[in-house]
Amino acid sequence: MSSLMDVKTAAQYNKWANNRIYNCLKQLSDDERKKDRKAFFKSIHNTLNHILLADLLYRQRIEKKPITFTALDEIIHTEFIELENHHRANDEWYESYCAKLTLSNLQEEFPFEAVGLNEREFFSLSLATCLTNLFQHQIHHRGQIHHMISHAGKEPPPVDVVKFARGDV
């Protein structure tokens, strides 16, 4: 399976896009970020927590550590600044990790059990496929956050890959 973007670039883009989203969210009050906006995870804050949780879940699998999550809607941080700092640090970790991966690493099988489902589900796919899924997961939920920022009355930041590739800050 070929990808549209290599994982090293995907990790860099991911960090860039998250930076733009977090910077924009500083314009909103904590109440606005935590307001139920009828999204899948209800609020901007909860959706950010979910994104970070999925990243940490994959990281635990990568590092072969015990899985500490049992549900996909667990709240890791109630305070925005703690959530932001943890997310930024984790983005740095993924950028560094992905920069070191070889083609051989990416082709290795990456077996894991899904978390938070009613029935047990197992996967065993290449690491490249799983990392692509992880970064696509972020894109999906950033889109939801982008929409919620609009509904909060603020202009959401552009997070287009072409703007990233051009070097926009």
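Which residues of α4 are buried? In this predicted model, local features need pLDDT of at least 70 and side-chain atom pairs count only at pLDDT 80 or more, while totals for chains, interfaces and linings use all residues. Residues are numbered from 1 along each chain as its sequence is written, and side-chain values use heavy atoms, with hydrogens and water left out.

Helix α4 covers residues 80–100; helices here are DSSP runs of H or I with at least four residues, strands are runs of E with at least two, and both are numbered from the N terminus. Its 21 residues reach 31 Å from first to last C-alpha, close to the 30 Å expected at 1.5 Å a residue (1.5 Å times one less than the number of residues). The buried residues of α4 are F80, L83, E84, H87, N90, D91, W93, Y94, Y97 and C98, where buried means under 20% relative accessible area, with a 1.4 Å probe and protein chains only. Their cover includes α1 (7–25), α2 (30–34), α3 (44–62) and α6 (127–151).

Helix α6 also holds H141, which is buried, with a relative accessible area of 5%. Leaving aside residues up to four places away in sequence, H141 touches F41, T47, H50 and I51 (contact means heavy atoms within 4.5 Å). The side chains of H141 and Q144 are joined by a polar contact of 2.6 Å, that is, a pair of N or O atoms within 3.5 Å, one able to donate a hydrogen and the other to accept it, and residues adjacent in sequence count only if both atoms are side-chain atoms.

Conventions:
Buried means under 20% relative accessible area, exposed over 50%, partly exposed in between (1.4 Å probe, protein chains only).
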